[in-house]
Structure formats: structure tokens, C-alpha cells
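Here is a quick walk through the strands of this model and how they pair up. Have the sequence and the 3D view open as you read.

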Amino acid sequence: MENRTRFLFLSTTALLGLLNLSTGQAEEQLLGDNLREELLVEPEIARREITEPDFDEEDFEIGLYAGLMNIEDFGTSATYGLRLAYHGTESIFLEAAIGTSEANETSYEQLSGDVQLLTDSERRFTYYNLSAGYNILPGEVFLGGKYAYNSQFYLIGGIGTTRFAGDDEFTVNVGAGYRLLINDWLTIHLDARDHMFESDLLGESKTTHNFELTGSLSFFF
């Protein structure tokens, strides 16, 4: 009888132990499953809206320029003028320009005393031309490490008329320039050009080269 009672007690104790073990394992497995589900939840990513700046699509550009012009045989003088450009594509543009300068005395006039080759009005050097330009080497300029500005080099050439020494001369101009876009309507230019025409003013016919270096501020509209 005592042995039977002891057997029943041990059996009951062992059964309760197995039940507790099974329950603990089930709880651990459930906890592990929940933890894995939490780890597998995809984090919510905050998406940032990017707004691209709106640039106006003006095709016309007008600007005033000033600088220096070396009139062959007549020294270097100040020059200034007006340019109007039409940008037909991103690469090609047309430009109309009017500019003026004034010739100094030649070395012969300075050495000869009273001899004057030109009157005061004839010393006015005025040109009108129509040119085509081609944009090359687009890039950016960084100022202050914070601001970036679009920029372009361009080649330009055209034909026109130069009025000098009382005559109107057919003129060819060629050159290059650099354009810095401050924003979508304001631009800074640096230009170097050569205005070439035939002249026999000093007794022999030759092609004169009249080099011009200018800076300008222009506006798109």
C-alpha cells in the first residue's frame, strides 16, 4: 500500500513537471515568434519631396557692354554698345550688336605736329553686325562653397558694317566669350572679338584687325 501511494505521488509529480515544461517551451516559442515578427516589420521611411526650381523659358537677351578696343594704327580707346540675342536652341543663338569707339592719333600725326589724317567726326568708329554663336563647354562655377552658377563658353562670328574715316566698310567679326548665369534672368558676359575690314587709309590696302575686349550685363525676357 505504501509503495502504491509513493508510485502515484511520483507519477503525479512527474506528469505535472512535464506539463510545466511543455507550457514553458510553448510560451518561449510564442515569445520568439512575436519577437521575430517585430524585427521583420519594415521600418517606415520618411520620403522627402524634392521640388525642382522653375526656370523661365525666355529666349531673348538684351545687354549693355563696355570695354576697350584697339583700332589698328590708331591706338586703344574705350568702347561701349548694345547687344540683343535670340537663343533658338540650347546650343545656337543669333546676336545683333551696335558699338562705338573713337580713334586716337596715329604715331605719324603725333610726330608731324599739325598734320591731321582725320577730322574729329571721322575718328568715330561705329559698327553694326549680325552674328551667330555656338555654346560649348557648359559647366558650373562654385562661389563661397555654397552657391553654384551655370556657365558656358561660346564661339561667335558674323558680318556687318563699320563706319570709320567717313567710309562704310564691310566687316567680318570673330571671337569667343564666357557667360555666367546669375539666375534665370540675369547674366554676366566677358567677350573678346576681332573686327576685320579692308582699309587703304594710310596709303596701302590691307586687312585691319580691330580687337575688342568687353564685359557686359544682360537680361533675359
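Ile98 has Tyr128 in β4 as its bridge partner. That pair belongs to the antiparallel pairing of β3 (residues 92-102) with β4 (residues 124-143), which runs over 11 bridges. A quick word on terms: strands are DSSP runs of E, at least two residues long, numbered from the N terminus, and two strands count as paired if DSSP finds at least two bridges between them.

Before going further, keep in mind that this is a predicted model, where local features need pLDDT of at least 70, side-chain atom pairs count only at pLDDT 80 or more, and totals for chains, interfaces and linings use all residues. Residues are numbered from 1 along each chain as its sequence is written, and side-chain values use heavy atoms, with hydrogens and water left out. On pLDDT (the predictor's confidence in each residue, from 0 to 100), the protein averages 83, and 74% of the residues score at least 70. Go carefully with residues 48-55: pLDDT stays under 50 there, and the model gives them 2 contacts beyond four places in sequence. Contact here means heavy atoms within 4.5 Å.

| Strands | Bridges | A facing pair |
|---|---|---|
| β4 and β5 (residues 147-164) | 16 bridges | Val141 and Tyr149 |
| β6 (residues 167-181) and β7 (residues 186-199) | 10 bridges | Val172 and Met196 |
| β7 and β8 (residues 206-220) | 14 bridges | Ser199 and Lys206 |

What about the turns? The hairpin of β4 and β5 has 3 residues between the strands, and Gly144 takes a positive phi near 75 degrees. β6 and β7 are joined by a hairpin through 4 residues. Between β7 and β8 the hairpin has 6 residues, with Gly203 in the turn at a positive phi of about 105 degrees.

Is β7 mostly covered or uncovered? Mostly covered: 10 of its 14 residues are buried, meaning under 20% relative accessible area with a 1.4 Å probe and protein chains only.

The largest nonpolar core has 11 residues, among them Tyr65, Phe74, Tyr127 and Phe197. β1 (60-70) and β4 are the elements that give two or more residues to this core. A nonpolar core is a set of buried Ala, Val, Leu, Ile, Met, Phe, Trp, Tyr and Cys residues joined through side-chain atoms within 4.5 Å. Leaving aside residues up to four places away in sequence, Tyr65 touches several residues, including Ile98, Tyr127 and Glu212.

Conventions. Buried < 20%, exposed > 50% of the residue type's maximum accessible area, 1.4 Å probe, protein only.
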